Amino acid sequence: RISDWSSDVCSSDLEVIFMYPWAVSLLGFQQSGLGWQVFGLMLAFVLLVEVGHLYAYKKGVFDWNKRG
């Protein structure tokens, strides 16, 4: 059923909502001298999200053939 896994699929699109404004404003941060600091913060965010994805993968959340 779609309702079983639709929330998991939509949640991975949520990160893009946070990354897009960051990518647009990164040039302004670089010009003000904060470019590497802001880049490091986004890298930490992406790594944290990927740890969550790996955890979900190990728990079998992405196995859509499995009946629950």
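**Exercise 1.** What percentage of the residues in the protein is buried?

*Solution.* The model is predicted: local features need pLDDT of at least 70, side-chain atom pairs count only at pLDDT 80 or more, and totals for chains, interfaces and linings use all residues. Residues are numbered from 1 along each chain as its sequence is written, and side-chain values use heavy atoms, without hydrogens and water. Buried means under 20% relative accessible area, exposed over 50%, and partly exposed in between (1.4 Å probe, protein chains only). By this criterion, 13% of the 68 residues are buried. The accessible surface (Shrake-Rupley method, 1.4 Å probe) amounts to about 5,800 Å², and carbon and sulfur atoms account for 67% of that area.

**Exercise 2.** Describe the secondary structure and the geometry of α2.

*Solution.* Helices (H or I, at least four residues) and strands (E, at least two) are DSSP runs, numbered from the N terminus. The protein contains two helices and zero strands. Helix α2 has 25 residues and spans 36 Å from its first C-alpha to its last. The expected span is 1.5 Å times one less than the number of residues, and α2 is close to the resulting 36 Å. Its buried residues are Gly35, Val38, Met42, Val49 and Ala56. Just after α2, Gly60 adopts a positive phi of about 85°.

**Exercise 3.** How many aromatic pairs does the structure hold? Characterise two of them.

*Solution.* Rings of Phe, Tyr and Trp (its six-membered ring) pair if their centres lie within 6.5 Å; planes under 30 degrees apart are stacked, over 60 edge-to-face, and the rest tilted. The structure holds three such pairs. Phe18 and Phe45 are edge-to-face, at 6.1 Å centre to centre with 70° between the planes. Phe18 lies in helix α1 (residues 2-31) and Phe45 in helix α2, so this pair ties together parts 27 residues apart in sequence. Trp22 and Phe39 form a tilted pair, with 6.3 Å between centres and 35° between planes. Trp22 belongs to α1 and Phe39 to α2, so the parts tied together are 17 residues apart in sequence. Trp22 is buried at 18% relative accessible area, whereas Phe39 is partly exposed at 35%. Ring pairs also link Trp22, Trp36 and Phe39 into a cluster.
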